[in-house]
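Please keep the sequence and the model at hand while reading.

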Amino acid sequence: MARRLAMKPQDLSHVVLVMMDEYLVRTGSGFDYAPADKPWSCHYFARVEIADGLNAGLPHAERLPNESVWFPDPHDPDAYDARIAELGGIDFFILASGASDGHVAFNPPGSARGSRTRIIQLSDETRRDNLQTFPAFGTLANVPSHGISVGIDTIASAKESAMIVWGPGKRLTLTRILRAVRYEPDWPATVIHECTVGEILADTDATAPPDPS
């Protein structure tokens with residue numbers, strides 16, 4: 001997208017980027033966001049990998065504003081779904097699935113179909129997947145134990161969604177997603193079947209049969 005914008009600039013000043021989740025750290029008042037300067041934090045990713053890239057070739061008046069990058073508030077999780085509804089809903093959600101347990105955003109296996117934005121204790125499987133995604137954590141002990149995340153219903157309510165399944169590590173989850181016809185709580189990524197308009201995008205590595213071992 002950044003390359004396309006560089007070749008053909010478009011006004012992004014009206015765009016709202018709705019982030020799905022963020023790691024949390026314990027504080028005296030409960031939970032707060034993980035430090036935004038950590039490369040594994042979602043705030044860092046949104047700023048450096050998304051906003052900075054999209055804005056790089058745009059004049060200031062046409063850039064995605066900082067205040068238009070939203071995150072759920074750990075001190076008032078319910079407010080996020082209300083804020084999204086006031087905006088008119090999500091036009092397009094980009095989804096990904098955990099390799100080992102099918103989590104989507106931070107929704108673990110067992111998440112209810114009607115779940116909304118909430119604080120979640122992260123499973124060991126989710127934390128191991130995230131350690132592989134962000135080796136900068138170093139060890140599993142450094143991966144936060146909690147996060148805040150949109151819920152399954154929040155995701156399913158989007159007008160359109162795409163599930164990105166990329167690489168050989170995602171063979172199992174692609175198999176589970178394609179085998180399902182509706183949401184299955186034991187594999188949350190199957191929520192793509194509940195989306196009004198849903199698409200699954202996979203590469204050839206992910207479509208190979210999963211390793212039996």
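Which residue in S8 is the bridge partner of Phe 92? The partner is Glu 160. The model is predicted, so local features need pLDDT of at least 70 and side-chain atom pairs count only at pLDDT 80 or more, while totals for chains, interfaces and linings use all residues. Residues are numbered from 1 along each chain as its sequence is written, and side-chain values use heavy atoms, with hydrogens and water left out.

**Parallel sheet**

Strands and helices here are DSSP runs numbered from the N terminus (strands: E, at least two residues; helices: H or I, at least four). Two strands pair if DSSP finds at least two bridges between them. An open sheet of three strands has the order S5-S8-S9, with parallel pairing. S5 and S9 are its edge strands, each pairing on one side only. Neighbouring strands are turned by 20° against each other on average, direction ignored; the axes are lines fitted to C-alpha atoms, for helices over the stretch in contact, and angles run from 0 to 180 degrees between N-to-C directions.

| Strand pair | Sense | Bridges |
|---|---|---|
| S5 (residues 92-96) and S8 (residues 160-165) | parallel | five |
| S8 and S9 (residues 198-202) | parallel | five |
| S6 and S7 (residues 146-149) | antiparallel | four |

On the S9 side, Ala 162 stands opposite Glu 199, and Met 163 faces Ile 200.

**Antiparallel sheet**

Another open sheet has four strands in the order S3-S2-S7-S6, and its pairing is antiparallel. Strands S3 (30-33) and S6 (118-121) stand at the edges with a single partner strand each, so one side of each has no neighbour in the sheet. The twist averages 40° from one strand to the next.

**Second largest pocket**

A pocket is defined on a 1 Å grid over the protein atoms alone, as an open set of points with protein on both sides within 12 Å along at least five of seven lines; lining residues have an atom within 4 Å of a point. The second largest pocket has a volume of about 210 Å³, the volume being the space filled by probe spheres (1.4 Å probe) set on the points. Helix H2 (residues 42-55) gives the most to the lining, with six residues. Lining residues include His 43, Arg 47, Asp 52, Leu 64 and Phe 71.
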